[in-house]
Amino acid sequence: MTDSPPLTVRPARAEEAAALSALCFRSKASWGYDTAFMARSRAALEVKPAAIAAGEVLVAVEGDALLGVAGVSVDGDVADLDLLFVEPAAFGRDVGRTLLEAAADLARNRGARRMTILADPGARGFYERMGARFVRMGPSDAIP
């Protein structure tokens with residue numbers, strides 16, 4: 001019997017943009033949104049090649065398998081968690097926690113002292129378990 005490769009986090013690669021965007025879409029869809037909502041969300045779930053090139057996108061992998069993606073942008077001492085999505089088949093395997101910790105490290109290394117998170121309402125519990133504090137409801141960044 002062979003052990004599976006360890007979960008690791010690394011910078012995303014430019015050639016992974018489409019696969020990571022598809023992962024974000026599958027992960028968002030797992031919340032049970034209807035087809036029309038998901039179609040309107042597609043652009044907001046795109047992992048931008050420019051963000052990858054800027055070193056703002058991290059991926060969680062086991063061997064060659066992409067299990068999750070996180071994106072962080074930093075402006076001064078504030079970071080925005082632009083995205084954090086986990087492959088639905090990997091839910092419950094600490095991929096989200098591992099990515100959030102890596103994203104926080106990336107933000108700190110770029111000078112951020114705090115991070116804002118605009119999250120799906122269903123993900124609120126996850127972020128609060130990870131130490132985030134709910135501030136307020138905000139408008140969707142995906143759908144006006």
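Predicted model: local features only at pLDDT ≥ 70, side-chain atom pairs only at ≥ 80, totals over all residues.
**Entry 1: Leu 23.** I began with the position of Leu 23 and found this residue in helix H1, which covers residues 17-29.

**Entry 2: Contacts of Leu 23.** I set aside the neighbours within four places in sequence and listed what remains in contact with Leu 23. The list holds Leu 66, Leu 67, Gly 68 and Val 69, together with Phe 85, Val 86 and Glu 87. For Leu 66, which is 43 residues from Leu 23 along the chain, I noted a C-alpha separation of 8.3 Å.

**Entry 3: The sheet.** I traced five strands in an open sheet, ordered E1-E2-E3-E4-E5 with mixed pairing. Strands E1 (7-11) and E5 (114-117) are at the edges; each has a single partner strand, so one side of each lacks a neighbour in the sheet. From one strand to the next I noted an average twist of 30 degrees.

**Entry 4: E2 and E3.** I examined the pairing of E2 (residues 57-62) with E3 (residues 65-75), which is antiparallel and spans six bridges. Opposite Val 59 I found Val 69 of E3.

**Entry 5: Helices on the sheet.** I found H1 lying across E2, E3 and E4 (78-86), at about 95 degrees to E3. Helix H4 (residues 95-109) also packs on the sheet, where I recorded that H4 touches E1, E2, E3, E4 and E5. The direction of H4 makes about 30 degrees with that of E3.

Definitions and conventions
Residues numbered from 1 in each chain as written. Heavy atoms only, no water. Helix = DSSP H or I, 4+ residues; strand = E, 2+ residues; numbered from the N terminus. Contact = heavy atoms within 4.5 Å. Pairing = 2+ DSSP bridges. Axes fitted to C-alpha atoms, helices over the stretch in contact; angles between N-to-C directions.
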